[in-house]
Amino acid sequence: MRYALFASLTLASLAVGCHSAATNPQPAPSNELGHALHSSSLALDATGKELYVVNPESDSISVLDVQTRQLEREILLAAAPPSADASTGRYTPSIMPRTVALSPDGATLYVTAERASAVLAVDVASGTIRGSVPVGSEPVGSLLSADGRTLFVACSQDGKVVRLDTQSLAAVDSVTVPSEPWALAASADGHALFVSQFLGPGVVAVDPTTMTVTGSWAIPDTAPRGDQQLAHGQVRGLYDLAQRPGTSELWVAHTLLGTDTPQPALDFKSTAFPALSLLYTDGTFEQTLSNDASAVPGIDGSFGDVVSGPHALAFTSDGAFALMVDANSEDVLVVDTRQHSESALVRPLPGKMPDGIVIAPDQTFAYVDERISGDVAVLKLERTGDALHVSVDGAAITRQGSDPMPETLRLGQQLFNSANSSVFPITTDHWVACATCHMEGRSDAVVWLFAQGPRDTPSNAGGMLETGFLFRTADRNKVQDYWHTINVEQGGHFDPSAQSSLLDALTAYVNLALPLPIPPTTDPTLVARGASVFTASGCGTCHAGPRFTDSGSGNPTLDLTGTVVLHDVGTCVTSGAFPDVAHEDLAGDPRDACAFDTPSLNGVASSPPYFHDDSAATLRDAVLRMPTPPTADDDIDALVEYLRSL
């Protein structure tokens with residue numbers, strides 16, 4: 001019966017049926033590309049005429065006529081468009097739609113609402129929301145069955161995949177998966193649902209009938225290969241995955257972070273590399289394709305051009321070519337999947353921060369979601385024999401009548417996410433953006449070998465206001481000072497006096513428009529008990545105030561020469577090849593090797609591992625390393641649950 005059920009699915013999407021194939025016959029499998037193979041920020045209708053795209057910062061969906069290349073309408077998903085808070089200036093969308101799936105009959109759009117922790121069902125004809133289904137914390141990826149009766153949703157902060165019945169608009173089942181589930185993809189035969197783990201190590205396979213994990217496959221890190229410019233590093237930012245048509249290959253778009261290189265050798269050329277990793281659908285690893293820095297003598301890499309921030313992937317219907325959307329370098333890399341090498345690079349695109357892509361059913365055009373500029377780029381696809389020519393076809397399609405996000409914050413968002421060195425002096429050769437390490441404005445969950453010692457990437461979520469000093473040893477006191485990071489690690493060329501307006505916009509975005517994570521689902525009773533344990537254990541002595549930190553206490557102006565409260569909490573690295581060392585802050589004041597700034601606890605559940613050297617893998621491990629941790633297991637569990645709720 002299981003074989004009969006899945007044999008009824010289209011090759012292009014995954015279905016969970018309610019009746020056997022004998023009693024409810026279904027169409028034969030098809031290769032029709034008009035149905036989604038994987039989660040995406042865009043969806044085309046079956047005719048290829050209407051395009052739907054999410055607007056995360058505007059709490060809306062745009063409906064475009066791609067034949068006339070006009071905006072038909074914009075569907076607001078919230079009671080009102082988002083706006084900056086009158087008292088704080090913070091800009092936080094209440095919905096933040098991330099992916100969209102269109103029902104087979106074209107009547108309903110299903111939208112993951114990241115900040116509402118729900119899935120919205122939108123009636124296409126009227127533009128009204130016919131239902132909202134709570135699914136779990138921060139849903140992102142979604143995938144609709146071929147018959148439209150079942151929707152799968154990846155809830156990133158709850159670590160689960162939820163199955164919804166679209167007729168009753170109810171969650172009917174779920175499965176817990178390791179790490180942060182992000183993108184979803186269907187196997188061609190319909191026997192498996194693949195889930196990317198956003199911060200690695202790889203992919204989880206789920207049986208969509210039983211909602212059980214059937215496999216968890218790591219993409220191996222790429223070891224150093226003698227030259228720091230050759231692609232290498234830890235696997236992070238697994239934004240998209242899809243099965244290559246006509247094969248058993250599962251392609252995963254991600255980044256490699258070269259954490260093995262210490263300063264001063266660590267620079268933009270050794271920091272981050274784009275990658276496409278190939279697995280077989282049974283979990284066997286094939287290889288990782290990446291930029292091998294063709295400028296290095298004797299190296300003929302897979303990708304001859306430098307690109308950064310792979311966010312989305314689309315295949316031609318015959319599987320011969322893949323189009324990889326690079327959000328940070330703002331381009332589209334065309335890959336010959338048969339040769340495993342770059343075929344072409346589409347640069348420049350007409351807009352900012354490409355975040356998704358869909359290919360038309362007739363294979364003549366592709367549409368690219370350009371998130372920051374609020375438009376859709378049109379790419380023309382032309383096949384000549386064995387070759388594919390891809391080019392920008394005219395102006396981008398405007399998809400919003402007006403942008404509710406304040407202009408300064410939008411500029412700051414562009415700066416934060418951009419590695420486009422043709423536009424801003426924020427890097428060299430389109431290599432590194434702020435978002436390369438601060439993925440989604442948060443952390444990349446790695447430790448870098450900085451001159452001061454091993455340092456993890458802290459989350460920027462919630463902004464830096466009320467968090468006191470910056471850096472693990474309070475070496476800086478304002479976001480504007482990050483021009484030093486831009487110029488050293490990112491290879492940028494910022495002049496803080498001549499380009500202060502850009503630094504101010506970047507600061508405004510980080511402080512006001514990077515919202516805190518939605519906490520994972522927690523037990524209120526256990527959270528209340530944990531709050532009491534938090535107080536009784538003395539945690540609030542250091543983790544005090546609205547952001548749970550004593551950083552900056554007694555020094556409201558954050559004067560680096562004034563009072564700087566630091567603590568030795570027993571995490572100092574004193575041995576090995578790269579220990580913590582005494583150093584000076586930005587103003588030349590001494591900093592002890594083992595005295596650390598108190599980090600905020602807001603959103604702490606979203607940023608494992610913990611401590612400056614990532615020496616605590618989980619919150620429980622971090623609690624057990626406290627100077628006076630609770631001794632009873634029940635108290636430890638309660639305290640962890642409280643921390644998860646912050």
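Me: Buried means under 20% relative accessible area, exposed means over 50%, and partly exposed lies in between (1.4 Å probe, protein chains only). With those limits, is R98 buried or exposed?

Reply: This is a predicted model, in which local features need pLDDT of at least 70, side-chain atom pairs count only at pLDDT 80 or more, and totals for chains, interfaces and linings use all residues. Residues are numbered from 1 along each chain as its sequence is written, and side-chain values use heavy atoms, with hydrogens and water left out. The relative accessible area of R98 is 8%, and because the limit is under 20%, R98 counts as buried.

Me: How many residues apart are R98 and E440, and where does each of them lie?

Reply: Helices (H or I, at least four residues) and strands (E, at least two) are DSSP runs, numbered from the N terminus. R98 belongs to strand β5, residues 97-102, whereas E440 sits in the loop between α4 (434-437) and β30 (447-450). E440 is partly exposed, with a relative accessible area of 24%. The salt bridge between R98 and E440 links distant parts of the chain, and the separation is 342 residues.

Me: Which residue does the side chain of R399 meet in a salt bridge?

Reply: The salt bridge of R399 has an N to O distance of 2.7 Å. It links distant parts of the chain, since R399 is in the loop between β29 (397-398) and α3 (407-417), while the partner is in strand β26 (residues 365-370), 30 residues apart. R399 and the partner are both buried, and the partner is D369.

Me: Which residue meets D456 in a salt bridge?

Reply: The side chain of D456 takes part in a salt bridge of 2.8 Å, N to O. D456 lies in strand β31 (residues 453-456), and the partner lies 16 residues apart, in the loop between β31 and α5 (483-488). D456 is buried, with a relative accessible area of 9%, and the residue meeting it is R472.

Me: Which helices do the buried residues of α9 pack against?

Reply: Helix α9 (residues 633-645) has 13 residues and reaches 19 Å from its first C-alpha to its last, close to the 18 Å expected, where the expected span is 1.5 Å times one less than the number of residues. Its buried residues are I636, A638, L639, V640, E641, Y642 and L643. With contact meaning heavy atoms within 4.5 Å, these buried residues pack against α7 (524-536) and α8 (619-624).

Me: At roughly what angle do the axes of α7 and α9 cross?

Reply: Two packed helices are described by the angle between their axes and the distance between the axes. Axes are lines fitted to C-alpha atoms, for helices over the stretch in contact, and angles run from 0 to 180 degrees between N-to-C directions. Angles under 35 degrees count as roughly parallel, over 145 as roughly antiparallel, 65 to 115 as roughly perpendicular and the rest as oblique, and α7 and α9 are therefore roughly perpendicular to each other. Their axes come within 7 Å, and the crossing angle is roughly 100°.

Me: How many residues of α6 are buried?

Reply: The 13 residues of helix α6 (residues 500-512) should span 18 Å, and its end C-alpha atoms are 18 Å apart, which agrees. What covers the buried residues of α6 includes α3 and α5. Among the buried residues are L502, L503 and Y509, and α6 is mostly covered, the buried number out of 13 being ten.

Me: What is omega near for the cis peptide bond from Q263 to P264?

Reply: P264 lies in the loop between β18 (249-257) and α2 (268-271). The peptide bond from Q263 to P264 is cis, and its omega is near 10°.

Methods. Salt bridge = Lys/Arg side-chain N within 4 Å of Asp/Glu carboxyl O.
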